[in-house]
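Student: I have a new model open and I'd like to learn how to read it. Can we go through it step by step?

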Amino acid sequence: MANLTDPRWIWFKGGLFVVTGGLASLVLIANSPSLQTIGVLAIAIWSFCRAYYFAFYVIERYVDPKFSFSGLLHFVRYALLGHSPDETKQRNADTDEDHDLS
């Protein structure tokens, strides 16, 4: 699948995220209309926004500037392995070249 590059579609996609999140929040609050539900939902949304910022800004800017993550799964692999899967491929290719005696 090709990367999305048209600014209009990028804005549309961002808008869909807001609409989808808003609708999901409204459904949750409608099913359990209490201040506790609203408060816990607000904390969850805020926490996930901060985690996303952490994954895509803090790690890239302050922890490991040589990596750019292409998505959350790429970040999870990086976090679990301690390095990017692409770096593992490169390391293996470098090792293979070191052992090539031809």
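This is a predicted model: local features need pLDDT of at least 70, side-chain atom pairs count only at pLDDT 80 or more; totals for chains, interfaces and linings use all residues.

Student: What share of the contacts between residues at least 6 apart in sequence join residues at least 24 apart?

Tutor: Take the contacts between residues at least 6 apart in sequence, then ask which of them join residues at least 24 apart. In this protein that share is 0%.

Student: Which element gives the largest share of the largest nonpolar core?

Tutor: List the members of that core: Ala-55, Phe-56, Ile-59, Phe-67, Phe-69, Phe-75 and Tyr-78. Two elements give two or more residues to this core, helix H2 (35-63) and H3. The largest share is 3 residues, and they come from H2.

Student: Why do the buried residues of H3 sit on the same side?

Tutor: H3 covers residues 72-81, and its buried residues are His-74, Phe-75 and Tyr-78. They lie on the same side of H3 because the arc they cover around the axis is only 100°.

Student: What comes after H3, and what is its phi?

Tutor: The residue that follows H3 is Gly-82. Its phi is positive, near 85°.

Student: What are the classes of the residues lining the largest pocket?

Tutor: This pocket holds about 220 Å³ of space. Its lining is made of Ala-44, Ile-45, Phe-48, Cys-49 and Tyr-52. Sorted by class, that gives no charged, no polar and 5 nonpolar residues.

Student: What about the lining of the second largest pocket, by class?

Tutor: Here the volume is about 190 Å³. Tyr-52, Phe-56, Phe-69, Ser-70, Gly-71 and Leu-72 form the lining. By class there are no charged residues, 2 polar and 4 nonpolar.

Student: Which residues does Phe-56 touch, leaving out those up to four places away in sequence?

Tutor: Phe-56 is part of the largest nonpolar core, and Phe-56 also lines the second largest pocket. Once residues up to four places away are set aside, Phe-56 touches Phe-69, Gly-71 and Leu-72.

Technical notes:
Residues are numbered from 1 along each chain as its sequence is written. Side-chain values use heavy atoms; hydrogens and water are left out. On a 1 Å grid over the protein atoms alone, a cavity is a set of points where a 1.4 Å probe fits but cannot get out, and a pocket is an open set with protein on both sides within 12 Å along at least five of seven lines; lining residues have an atom within 4 Å of a point. Grid points are joined across faces, edges and corners, and a volume is the space filled by probe spheres set on the points. Ala, Val, Leu, Ile, Met, Phe, Trp, Tyr, Cys and Pro count as nonpolar, Asp, Glu, Lys and Arg as charged, and the others, Gly among them, as polar. Buried means under 20% relative accessible area, exposed over 50%, partly exposed in between (1.4 Å probe, protein chains only). Helices (H or I, at least four residues) and strands (E, at least two) are DSSP runs, numbered from the N terminus. The arc is that of the directions from the helix axis to the C-beta atoms. A nonpolar core is a set of buried Ala, Val, Leu, Ile, Met, Phe, Trp, Tyr and Cys residues joined through side-chain atoms within 4.5 Å. Contact means heavy atoms within 4.5 Å.
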